[in-house]
Every structure is written in C-alpha cells, then in structure tokens.
Amino acid sequence: MRSISTMRSLLPFPSSLYFPPSHLSKTSPPPFPTLIPTSPFPKFFLKSAIPYLPKSSSSTLRSFWSSCIDGPDPSMDARDSSGEIHVILGPMFAGKTTTLLRRIRSEIDNGRSVAVIKSNKDTRYGLDSVVTHDGTKMPCLALPELSMFRDKFGIESYNKLDVIGIDEAQFFEDLYDFCCRAADHDGKTVIVAGLDGDYLRRRFGSVLDIVPLADSVTKLTARCELCGQRAFFTLRKTQETQTELIAGADVYMPVCRQHYVNGQIVMETTRTVLDVERSTVIQTLK
Ligand SMILES: Nc1ncnc2c1ncn2[C@@H]1O[C@H](COP(=O)(O)OP(=O)(O)O)[C@@H](O)[C@H]1O
Ligand SMILES: Cc1cn([C@H]2C[C@H](O)[C@@H](COP(=O)(O)O)O2)c(=O)[nH]c1=O
C-alpha cells in the first residue's frame, strides 16, 4: 500500500483540489468531501488522463480513482459506508405512508435499526405515531425540523441507526440538507414519503428538490373518488386558500385529471359566487 503522499505525487493536479474520502485521509475531512475535482479540468479529464501515465502509475491511479468513485471499502462501519435515498410521492390516499411503513418493517425484519420521523404539524392522529388512512401505525418522533433529529434522538443512537423514515416530508424546509448529510456523509438509508404537489398542483415544500439526490423515486396513484380511475391529484373541497391545511377526507379527495379540472372550476365558481354575495350583503348593510 502506497502512502498518501506518494499517491498525491501521482496526481496530475494540485492535491489541494481534492478531498479524499475519510478512510484515505489522515487529517479530518471537510464535512462534505468533494469526490471529483471540477474546474479547471475539462470534462474528458478522467478518461484522458489515465492512459498517458506510465503503466505502473496508471494502475495505481486507476485503483485510487476507483476507490474514490466507487466509494469506500464495504468492510467500513455504517457511518463511513455510502447511504441511500428513496422517495415515495403521490397525492393524498395513494398509499405513501402504507408503503413507507411496509419498507421500514422489512428493514426491521432484516435486522437493521430504524427510526421514523414525521412533521409535528400533522396532529391528526397524535404526535407519537405515523398512522395511515386505514389505521396502520408505527411509533415515531414528531419534529418541527429535521435538523433537530440528531440531538433529540441522541448522537450515539443516531450513529448506530441504519435507516431513517420520514413521513409528511412536504412540511420539512430542511429536507434537502438533512437527506444529503444523512445519506452522503453518515451512510444512512433514508426513505422519504410526501406530497409532490399541493391542492393547486404546485410543488409542495422541498420534496421535489431531493429527486436529484435519490436512488429511487416511486410515484403512487390513488383512485379517483368520482369515477374510480387512477387519481394523480388532490382536490381541496373547501374554500380555504392557504397552502398548508392539515386535514383528511373531510377536506380532500383524490381525483383523476378530468375531475381535478372540473372540480377546480366548481371551486372557482363557488368562490366567485360567495365573493359576490358577501359584497352584496356588505353593500346592503351600509
Ligand atoms: N378517498 C379515500 N378516503 C379515505 N381513505 C382512503 C381513500 N382512498 C383510499 N383510502 C385508504 O387510504 C389508504 C392509504 O393510506 P395512506 O398510506 O395513509 O395514504 P397516503 O399516505 O398516500 O395519504 C388506502 O389503502 C385506503 O384504505
Ligand atoms: C393537498 C394538500 C394537503 N395538505 C395536508 C393535508 C394532510 O394533513 C397532509 C397530507 O397527508 P397524506 O398523508 O398525504 O394523506 O398534507 C396541505 O396542507 N395542503 C395541501 O395542498
């Protein structure tokens, strides 16, 4: 095994540009090591540099690069191994929480240690459990933000964790940073369930932002309450207009595209009629 300084001397660029994975570094690595140097080298750099080196250096460099790019040695402990991010999306009633709990259960059955987090904004079924619309439950920690998780759960317990489940992910503003750190740096498998869109079909919170970080993305569908076709959207049946409105089937229903469009027209018309009536009443009372 060559020393780090010998390897550095083989690098065709200043070693200060490169932060090796922690198992190759004698000093503390920065919190988020950059694995592949970017500028000032052209995109073909990786492919083109290796063949021009002397043969012995070439194989050393090749194994050096492959350890950097493929990730650390699998015999390393969980903190240093690479993590995973799996995202479960869809409208309300699509089975996101059911799928999350099923995956968490199977991780437990495989002997992995797990924790489940949900947003403390969702008070529908109490704060100590994640509960599906048909009543399946699992204990959880309810938090206002994910950055509090390590401290609340305990650093030692956090270090031993293999899998973190997150439900109602649309309510966590720091979702991106948390997932990045947990998977890239801490080696956790993170399974995230949340609404991709709100009742107006606009992006909801940071859920879509983590798609580029994800190993897998599953978009689920529900059944349209009006026609039984596949439902991709959530229709709000009431006149409230704020984005966040915690509720269940009393306020929301899953709908197909056609019924979403029709439903929005009905809601818009109702809103206009109510507005006209309200201003008429106000005028009459004046
Ligand atoms: N329109 C509906 N109203 C109430 N419950 C429903 C409706 N459609 C489906 N469900 C139930 O909800 C379950 C899914 O619940 P859940 O996993 O909590 O969904 P999600 O997390 O995507 O909102 C379904 O298996 C079904 O039993
Ligand atoms: C569409 C939409 C939903 N919400 C709220 C309503 C519920 O409390 C949750 C979603 O729960 P589920 O597990 O996916 O059924 O989000 C909201 O605040 N705003 C919306 O536009």
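## Strands and their partners

Two strands count as paired if DSSP finds at least two bridges between them. With that in hand, here is a friendly walk through this predicted model.

Stepping back, six strands make up an open sheet, and their order is 5-2-6-7-1-8 with parallel pairing. Strand 5 (141–143) and strand 8 (216–219) sit at the edges and have a single partner strand each, so one side of each is left without a neighbour in the sheet. From one strand to the next, the twist averages 20°.

## A helix across the strands

Helix 7 (residues 175–185) lies across strand 1 (84–89), strand 2, strand 6 (163–167) and strand 7 (189–193). Relative to strand 7, helix 7 runs at about 155°.

## The second largest pocket

Now for some open space: the second largest pocket has a volume of about 440 Å³. Its lining is built from 33 residues, and the closest to the pocket centre are Met92, Lys96, Arg124, His133 and Glu168. Helix 4 (96–109) and strand 11 (233–236) are the elements that give two or more residues to this lining. Helix 4 gives the most, with three residues.

How values were computed. Residues are numbered from 1 along each chain as its sequence is written. Chains are lettered from A and ligands numbered from 1 in the order in which they are written. This is a predicted model: local features need pLDDT of at least 70, side-chain atom pairs count only at pLDDT 80 or more; totals for chains, interfaces and linings use all residues. Side-chain values use heavy atoms; hydrogens and water are left out. Helices (H or I, at least four residues) and strands (E, at least two) are DSSP runs, numbered from the N terminus. Axes are lines fitted to C-alpha atoms, for helices over the stretch in contact, and angles run from 0 to 180 degrees between N-to-C directions. Contact means heavy atoms within 4.5 Å. On a 1 Å grid over the protein atoms alone, a cavity is a set of points where a 1.4 Å probe fits but cannot get out, and a pocket is an open set with protein on both sides within 12 Å along at least five of seven lines; lining residues have an atom within 4 Å of a point. Grid points are joined across faces, edges and corners, and a volume is the space filled by probe spheres set on the points.
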